[in-house]
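This report is written for a reader who is new to the structure. Please look over the sequence and the model before reading on.

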Amino acid sequence: MIELLQQGFGAVFSPYIFVLITLGVAVGIVFGAVPGLSATMAIALCLPLTYTMGPAAGLSLLVALFIGATSGGLISAILLNIPGTPSSIATTFDGAPMMRQGLGVKALGLGVVFSFLGTIFSIGALMFIAPMLADIALSFGPHEYFAIAVFSLTLIATLSTGSLVKGLFAGALGFAFSTVGIAPVEAVRRFTFDHPSLNGGFAMLTVMIGMFAVAEVLKFAEKGRSADRAKPQNISMKGIKGFGFSIKEFIFQIPNATRSALIGVGIGILPGIGAGTSNIVSYIAAKKRSKTPEMFGKGAPEGVVASETANNAGIGGAMIPLLTLGIPGDTTTAILLGGFMIHGIQPGPLLFLTQGDLVYTIFAALLLASVLMLFLEFFGLRIFIKLLSIPKHILLPIILVLCVVGAFGLNSRVFDVWAMMLFGLLGYGFVKGGLPIAPFIIGFILGPMAETNLRRGLMLSDGNFMGFLSNPISAAFLALAALSVSWHLVTALRGKKDGVAQLMSS
Amino acid sequence: MDTCKRNELLIGLTMLGAGLGYLFMTLQLPRRGFVDSAFVPYILSAVLCLLGVLQLLAWKKLPKPTAGAAVEKESIDYLTVIKSFALVIIYVALLETVGFPIMTALYLYVQFLVLTPLDQKANHLLYAGIALVSSASIYFLFRESFDLLLPAGLLNF
């Protein structure tokens, strides 16, 4: 393992990849900091740049964007009191009051340093858990994969915000869109309307770029002309030593940070929920455990630490099911999966056997990107603040053009651009109808995995469905899926709010 | 009927409509036994239709708005949304014939104008400058550095 990691570091310290990671982190921070832009969008837009790069360089750039964008949300959360991404909602609770009290630099310093520590902790967990899980997953057959896909799908549909019915519908609709094209096993053409471009189905990236980026541009058009824009306040870094807080303060935060990191990794591993939830959960946990809970919401540094440690700890957590099973835990890892596949790499347990050096290059890139994030974000803060004031009516049309480039570049055909527009319109419809987008995406990605493995599993057990229930692992996952749906149904029928909604309102 | 309740009805009808549409398309698929390539689409059609019905039931259960309740008014500028979407459609439609560099510059310039906040004056010179520079730099960056040949269209001579 150490040898592979050394090789990985050797690769990421080559000048070319080092520059790519540095740029990736910086661009990621900007995407995280500008409200309305997200990590998913950053990766989607930079994917076309990686088409001609090798897998090591391309994937290093993508994970650097992931780390930068997850952390960058804290800049606008603290300076503007607007979370740059959903992962930094809880950062605004105490970050903004600290800013008002003139403790902005301390809030930013704590946020950046604990983002870094959360990321490192989660990468450690990833490097420790993923190879073991991959070993176990090697023995998985179609029965297990089908059950895991169904479990992940129901979990994301039930845990996504809003109504259960809409969440499940979004997931099923995503699955339905994935059935377009040549069917697995029998190679029958389905829903192609004799259009040869549809034989291969819709490309995952056109779906994601459309649903996220194009829909975001349309959403901005709704209010963009009348929106009053908050101007970031200037912040003085004069006379600031280190990261703006003392060693004593740092030591005081360690138990809080450890708890938050564990929450972040744990929630990150589960499919369906990620940094958007874990920052709030760990904030509430920190408040409950604090000796001075009354200070929360009024500028308690613990609040910033809890939120920022947890959201970045989700990075390593979410990468665990992605690398070992090929299952994305959230939309950001879903688009990372797209990035892997463009480079001809299928994440899964075999990845650790056949491409061990690449896996460890990714680990090394994650570690290097975290260190770069620590320094770039804190010491380059003034530049990022300047970028925050780029007007959105200039920024978003350029983003749309980059979406078009990305979709066109997939196969050099305008068909994919049209498909992207279709999904953009659909995504906008989802936003208007209150349907969550994440289950749709995960349904679209996991649908083919579920169907193919269902058909293969049935062939193995001679058409007998009991094969899925007699296999202990698949039976356990199917039972968990059934339990999760029925539990949510019962709570919905009783008219209770779900856990996350309760947390949000408390 | 208040807008919120009407919206939920519309969403339910759309959901059911999507389910039925998918079911109709699934019915056209050739069958080759019980578990074949139409098996999963049938299950999905059933699930989609069922969820559409459930959404309609949920709509029926929604409480009627009480008189005097504060109604949240949203100012949604649909005209700008439609204009922006139309612009994008024109942009994509002419992308191959007219070419990426010209269409991108035109699209960006007009889209900047459409999205300019009401309290700001449009700076035509600046907008045109940004549009031209972005279009040219994206085109050449992808062409030279990333081997991605975006359609040159009319400029292809």
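## A salt bridge within chain B

B:Arg31 has a relative accessible area of 42%, so this residue counts as partly exposed; buried means under 20% relative accessible area, exposed over 50%, and partly exposed in between, with a 1.4 Å probe and protein chains only. B:Arg31 forms a salt bridge with B:Asp36, and their closest N and O atoms are 3.0 Å apart. A salt bridge here is a side-chain nitrogen of Lys or Arg within 4 Å of a carboxyl oxygen of Asp or Glu. B:Asp36 counts as buried, at 1% relative accessibility.

## Basis of the model

This is a predicted model, in which local features need pLDDT of at least 70 and side-chain atom pairs count only at pLDDT 80 or more, while totals for chains, interfaces and linings use all residues. Residues are numbered from 1 along each chain as its sequence is written, chains are lettered from A and ligands numbered from 1 in the order in which they are written, and side-chain values use heavy atoms, with hydrogens and water left out.

## Domains of chain B

Chain B has a domain 1 (3-61) and a domain 2 (78-155); such bounds come from an automatic or database domain assignment. Between the C-alpha centres of domain 1 and domain 2 of chain B the distance is 39 Å.

## Where chains A and B meet

In the interface, 63 residues of chain B are in contact with 54 residues of chain A, where contact means heavy atoms within 4.5 Å. The two chains, B and A, bury about 5400 Å² between them, and 78% of it is on carbon and sulfur atoms. Buried area is the accessible area (1.4 Å probe) that two parts lose on being put together, summed over both.

The rule finds 1 salt bridge across the interface of chain B and chain A. B:Glu8 forms a salt bridge with A:Lys166, with 3.2 Å between the closest N and O atoms. On the side of chain B that touches chain A, at least two residues each come from helix H1 (3-27), helix H2 (39-61), helix H3 (78-93), helix H4 (95-98), helix H5 (100-115) and helix H6 (124-145) of chain B. Helices (H or I, at least four residues) and strands (E, at least two) are DSSP runs, numbered from the N terminus. H3(B) gives the most to this side, with 10 residues. The residues of the side divide into 44 nonpolar, 12 polar and 7 charged; Ala, Val, Leu, Ile, Met, Phe, Trp, Tyr, Cys and Pro count as nonpolar, Asp, Glu, Lys and Arg as charged, and the others, Gly among them, as polar.

## Salt bridges within chain A

Over all chains, the structure holds 8 salt bridges. One of them joins A:Lys106 and A:Glu249, whose closest N and O atoms are 2.4 Å apart. This pair links distant parts of the chain, with A:Lys106 in helix H6 (residues 104-137) and A:Glu249 in helix H10 (residues 247-269) of chain A, 143 residues apart. A:Glu249 is partly exposed, at 27% relative accessibility.

A:Arg413 forms a salt bridge with A:Asp416, and the closest N and O atoms are 3.1 Å apart. A:Arg413 is partly exposed at 26% relative accessibility, whereas A:Asp416 is buried, with a relative accessible area of 2%.

## A buried residue in chain A

A:Ile67 lies in helix H4 (residues 55-79) of chain A. With a relative accessible area of 0%, A:Ile67 is buried. Not counting residues up to four places away in sequence, A:Ile67 touches several residues, including A:Thr119, A:Asn312 and A:Leu366.
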